Amino acid sequence: MSLVWITKANYLRDYQIEIEFNNNKKGVVDFKKHLDKKIFEPLKELDTFRKFKLNSWTLEWENGADFSPEFLLENLN
């Protein structure tokens, strides 16, 4: 299995982000059902959720929360 990382991400609405990967796969991830763990609690506030950044391999938020690119790839709609 080759390494996968995010090359582009755009906030759409609510908890949905459109994501494009280095393997040319592209789709939307709805994060709403993935915010139950303690580190993700602050992301339930939409203003905080929208403030993600793209680091060298995945999405990252100010509080240090992130999701592995493999997890995001598996959850594309």
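Reader: Why is Q16 called buried?

Author: Buried means under 20% relative accessible area, exposed means over 50%, and partly exposed lies in between, with a 1.4 Å probe and protein chains only. Q16 has 18% relative accessibility, so the label is buried. A caution on the source: this is a predicted model, where local features need pLDDT of at least 70, side-chain atom pairs count only at pLDDT 80 or more, and totals for chains, interfaces and linings use all residues. Residues are numbered from 1 along each chain as its sequence is written, and side-chain values use heavy atoms, with hydrogens and water left out.

Reader: What does Q16 touch?

Author: Contact means heavy atoms within 4.5 Å. Not counting residues up to four places away in sequence, Q16 touches N10, Y11, V28, V29, D30 and F49.

Reader: Where is Q16 found?

Author: In strand β2. Strands (E, at least two residues) and helices (H or I, at least four) are DSSP runs, numbered from the N terminus. Q16 stands opposite D30 in β3.

Reader: How do you know that β2 pairs with β3?

Author: Two strands pair if DSSP finds at least two bridges between them. Five bridges join β2 to β3 (residues 26-30), and the two run antiparallel. Their hairpin has four residues between the strands, and N24 there takes a positive phi near 70°.

Reader: What makes β1 and β2 a pair?

Author: Six bridges join β1 (residues 6-13) to β2 (residues 16-21), again antiparallel. The bridge partner of N10 is E18 in β2. Y11 stands opposite I17 in β2. This hairpin has two residues between the strands, and D14 takes a positive phi near 45°.

Reader: Which strands are the edges of the sheet?

Author: The open sheet has three strands in the order β1-β2-β3, with antiparallel pairing. β1 and β3 are the edge strands, as each pairs on one side only. The twist averages 25° from one strand to the next. For that angle, axes are lines fitted to C-alpha atoms (for helices, over the stretch in contact), and angles run from 0 to 180 degrees between N-to-C directions.

Reader: What makes E41 and K44 a salt bridge?

Author: A salt bridge needs a side-chain nitrogen of Lys or Arg within 4 Å of a carboxyl oxygen of Asp or Glu. The closest N and O atoms of E41 and K44 are 3.3 Å apart, and the pair qualifies. The structure holds two salt bridges. R50 forms one with D47, with the closest N and O atoms 3.5 Å apart.

Reader: Why are E41 and K44 called partly exposed?

Author: E41 has a relative accessible area of 37%, so the label is partly exposed. K44, at 38%, is therefore partly exposed too.

Reader: And why do R50 and D47 count as partly exposed?

Author: R50 is at 40% relative accessibility, so it counts as partly exposed. D47 has 44%, so that label applies there as well.

Reader: Why is L3 called exposed?

Author: L3 is at 68% relative accessibility, so it counts as exposed. L3 lies in the segment before β1.
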